[in-house]
Amino acid sequence: MMQPNLRLDSFSPALSERFRKATPQKRRLAAVVACELASAAAHLSGQEVALALEALRHGRAAPPVLQQRLEHLATQLDDEYLRLDQEEDESKKPESLTLFSKARAIWAVVFALFHDPEQLHEAIYEAIAAMSDPEELVRAIENELE
């Protein structure tokens with residue numbers, strides 16, 4: 001039976017295959033590591049992010065209001081990133097990329113914490129997208145999936 005494509009396939013078919021073969025527990029641990037590393041690399045801060053990462057680390061549920069706040073923040077960052085990206089001012093590119101990375105890292109946390117555990121690959125994909133150089137992150141994910 002053919003397995004459905006994951007967005008992760010577009011980044012690394014080998015990593016995607018490892019994800020598919022991993023146990024649910026290993027998938028969760030890989031997503032937690034991905035979220036932590038992406039959040040640190042994107043210099044995320046704030047109470048909402050801290051609470052979400054703490055819940056992820058300990059496998060606890062988080063209140064729906066936290067999901068709403070994080071999704072709102074990620075959407076705001078995406079909107080600002082897109083606005084800056086559409087400007088033809090090259091001096092705004094670094095700020096645009098910073099906003100993009102922050103939004104991707106927050107979306108990674110949202111996918112890992114609030115969505116179906118079968119969708120943890122989305123958290124990993126977003127975490128990878130948050131990184132300018134995801135090599136170290138990919139190695140950490142691969143270690144968790146083994």
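Here are my entries, one topic at a time.

**Ground rules.** I'm looking at a predicted model, where local features need pLDDT of at least 70 and side-chain atom pairs count only at pLDDT 80 or more, while totals for chains, interfaces and linings use all residues. Residues are numbered from 1 along each chain as its sequence is written, and side-chain values use heavy atoms, with hydrogens and water left out.

**Two helices crossing.** I started with helix H4 (residues 47–58) and helix H6 (residues 93–114), whose axes come within 10 Å and cross at roughly 45°. For helices I'm using DSSP runs (H or I, at least four residues), numbered from the N terminus. The axes are lines fitted to C-alpha atoms over the stretch in contact, with angles from 0 to 180 degrees between N-to-C directions. H4 and H6 are therefore oblique to each other. My note on the word: under 35 degrees counts as roughly parallel, over 145 as roughly antiparallel, 65 to 115 as roughly perpendicular, and the rest as oblique.

Which residues make the contact? On the H4 side I listed Ala-52, Leu-53, Ala-55 and Leu-56, and on the H6 side Val-109, Ala-112 and Leu-113. Contact here means heavy atoms within 4.5 Å. Sorting the residues of this contact gave me seven nonpolar, no polar and no charged. For that sorting, Ala, Val, Leu, Ile, Met, Phe, Trp, Tyr, Cys and Pro count as nonpolar, Asp, Glu, Lys and Arg as charged, and the others, Gly among them, as polar.

Is Ser-39 buried or exposed? I found Ser-39 buried, with a relative accessible area of 3%. (Buried is under 20% relative accessible area, exposed over 50%, partly exposed in between, using a 1.4 Å probe and protein chains only.) Ser-39 lies in helix H3. Leaving out residues up to four places away in sequence, Ser-39 touches Leu-44, Leu-53, Ala-105 and Val-109.

Then I moved to His-43, in the loop between H3 and H4. His-43 is exposed at a relative accessible area of 62%. Its phi is near 55°, a positive value in a residue other than glycine.

**Salt bridges.** Side chains of opposite charge can pair when their charged atoms come close. How many salt bridges does the structure hold? I get 17 salt bridges, each being a side-chain nitrogen of Lys or Arg within 4 Å of a carboxyl oxygen of Asp or Glu.

- Glu-17 pairs with Arg-20, with the closest N and O atoms 4.0 Å apart. Both lie in helix H2 (residues 13–21), three residues apart, about one turn of the helix. Glu-17 is partly exposed at 32% relative accessibility, and Arg-20 is buried at 16%.
- Glu-118 pairs with Arg-27, and here the closest N and O atoms are 3.7 Å apart. Glu-118 sits in the loop between H6 and helix H7 (120–129) and Arg-27 in helix H3, so this pair ties together parts that are 91 residues apart in sequence. Glu-118 is partly exposed at 47%, while Arg-27 is buried at 12%.
- Arg-139 meets Glu-135 at 2.9 Å, N to O. The two are four residues apart in helix H8 (residues 135–145), so about one helical turn separates them.

I also noted a network of salt bridges linking Arg-7, Asp-78, Arg-104, Glu-122 and Glu-126.
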